[in-house]
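Here are my notes from going through this model. Have it open while you read, and tell me if anything looks off.

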Amino acid sequence: MEFKEMLDEFAGRVADGRLIKATISGPRRKSEGLQRVRIKPVELRGELHVQFEYQYERILKHENIPAGEVRSELGRLLGDFRQVQASFTGEDVQILLSKKLKVSWKTERTENAASADLSHDRKKKYLLEEGTPYPFLVRLGVQTPNGKVKKGKMDKFRQINRFTEFIDDSLRHLPKDRTLRILDFGSGKSYLTFALYHYLKIEQGLDVQVTGLDLKKEVIEDCRQISADLGYGDSLEFLVGDINDYNDETQVDMVVTLHACDVATDAALARAVRWGADVILSVPCCQHELFAQLDAPELGVMLQHGLIKERFAALATDSIRAELLGLVGYDAQLLEFIDMEHTPKNIMIRAYRTGRKPDVQRVLRYKQFRGLLGADPFLERELSGRLGDILK
Ligand SMILES: C[S@@+](CC[C@H](N)C(=O)[O-])C[C@H]1O[C@@H](n2cnc3c(N)ncnc32)[C@H](O)[C@@H]1O
C-alpha cells in the first residue's frame, strides 16, 4: 500500500467517527524528543474532534483537531514514526512504515464499537487516568514522569479527579460564546486550580482566563513558576491578595473556593453572587462564626456537648449558605466532595445560577431557622443588597 492511500484510509475512518483509539510509536528521529502520540475521539462543543496527545520525555502536550481535518497532522506524524496500532469500529489495525515509507497494513476483525456518546462514556471512568502522565500532576509531584501516582499521593489524585468531575458537570451551565472568566479564591498550592485549567483549556479546548488568589506571597510565587514551567501563559495567573479586598471584577462565570478558612468562604460566595457567576463550587473549611453565635435552648440536649456543638455549627453554617444562595437566585446543593474517610471537610456547595425568586414559604423557613439558632450570618449581611427587603 502507498503512503498516500494509507493516509486516505486512516483519515477517512477518523472523519467517519470510527476511531476508538490509536497509538503512533517508534520515532525515526529520537533527537526531536517526541516519543509517541496517542489519539482518541473527543466531543467538543457538540462536534467530533480528535485529541492528539504528544508524549515527550518529561511533558505531555495536547491538541484537539476537528475529525474532518486530521489528514495533514496524521501525514506529518506518520512520516516521522514507524508504527501505528489503532482500534476502529469492527477492526484493529496495525500499520508498519519502512524507512522509504512503504506501508504494511494488517487488519483484524473485532467486536470493537465506537462510543456514540463520547461525553457520556468519558464520565464512567476517572476523568484523569492513572498511567497517563499529566504535566501539571508530574510537576506538582503527584505523578511520576510515566504517569504512575506517587506513593502517598493517591488521596490527592482522587480529590483532583473528583473536583474535575464537578468541573465537567458544570460545563453545561457556562456560556459558550466568550472567554470564560474563572476565579479561585484561596487557591493555596493550587493543585485544584491547575486541574481546573488543565481540564478546561487543554482537555476541553475552551477559551479560559483563570485567576488564583491567595494571601501567601511565597506560595503564589511558586505557583507562578510552575505555571511558567508548564508553558501555560497568560490565561492562568496567580495574584497575592485578600478575598475581602478583591473587588476588581465586573463579570465572572465561575467562582471556586476550596477550603478557604472560616468566613473567607462567605466573602468569596458574596462576590460570586455580586458578579452573577453562573457556577459556584465551594468546599468550606473551618467554621467558627456560628459556633460563637449559637444560642438555642431548644437544642440544649445537643449543644451541651462541645464536639456535637462544633459539628452542628459547621453543618448549620453550610445549610445557611446554601439557603441564602437559594434566596438570591441559585440552585444550591450540598454534595459529598470526597469520602469522609479522607477528610471531614467533605461538603461541596455547588450552586448554579437560575435567577429564580424565592417563594414566601422558603423565606419564612429560613427566617425561622436563623431565629431558632440565634444566628446573624456574615453571608446574609454581605448579601443584604441582593436580599433587599425579603428578610425584613
Ligand atoms: C487550606 S488552604 C486550601 C488551598 C486550596 N484551595 C486547596 O483546596 O487545596 C486555604 C488557603 O486559603 C487562603 N486564604 C484564607 N483566607 C484568605 C483570604 N481572606 N484571602 C485570600 N486567601 C485566603 C490561605 O492562605 C490558604 O492558602
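How exposed is K217, in terms of relative accessibility? Keep in mind that this is a predicted model.

1. K217 comes out at 47% relative accessibility, so it counts as partly exposed. Its salt-bridge partner is E221, with the closest N and O atoms 3.3 Å apart. E221 is partly exposed too, at 39% relative accessibility. Both residues sit in helix α7 (residues 217-229), and because they are four residues apart there, about one helical turn separates them.

2. A second pair to look at is E289 with R381, where the closest N and O atoms are 3.4 Å apart. R381 is partly exposed, with a relative accessible area of 43%.

3. Salt bridges with shared partners also join E9, R13, E91 and R109 into one network. The overall count is 26 salt bridges.

4. Then there's R29 with D80, a salt bridge at 3.0 Å from N to O. This one links distant parts of the chain: R29 is in the loop between β1 and β2, while D80 is in the loop between α2 (71-78) and β5, 51 residues away. R29 is partly exposed, at 44% relative accessibility.

5. On to the sheet. Seven strands make an open, antiparallel sheet, ordered β4-β3-β2-β1-β5-β6-β7. The edges are β4 (60-66) and β7 (103-109); each has a single partner strand, so one side of each has no neighbour in the sheet. On average, neighbouring strands are turned by 15 degrees against each other, ignoring direction.

6. T23 stands opposite R38 in β2. Helix α1 (residues 3-15) packs on the sheet, and its contacts include β1, β2 and β7; its direction makes about 35 degrees with that of β7.

7. Helix α6 (residues 191-203) lies across β2, β3 and β4, at about 40 degrees to β4.

8. Last one: M302, L307 and I308 form a nonpolar surface patch, with about 260 Å² of accessible area together. I308 is part of helix α11 (residues 306-327), and its relative accessible area of 35% makes it partly exposed.

Definitions and conventions:
Residues are numbered from 1 along each chain as its sequence is written. This is a predicted model: local features need pLDDT of at least 70, side-chain atom pairs count only at pLDDT 80 or more; totals for chains, interfaces and linings use all residues. Side-chain values use heavy atoms; hydrogens and water are left out. Patches are made of residues with over 30% relative accessible area and no salt bridge: like charges are joined within 9 Å, nonpolar side chains (Val, Leu, Ile, Met, Phe, Trp, Tyr) within 5 Å. Accessible areas come from the Shrake-Rupley method with a 1.4 Å probe; for residues, only the protein chains shown count as cover. A salt bridge is a side-chain nitrogen of Lys or Arg within 4 Å of a carboxyl oxygen of Asp or Glu. Helices (H or I, at least four residues) and strands (E, at least two) are DSSP runs, numbered from the N terminus. Buried means under 20% relative accessible area, exposed over 50%, partly exposed in between (1.4 Å probe, protein chains only). Two strands pair if DSSP finds at least two bridges between them. Axes are lines fitted to C-alpha atoms, for helices over the stretch in contact, and angles run from 0 to 180 degrees between N-to-C directions. Contact means heavy atoms within 4.5 Å.
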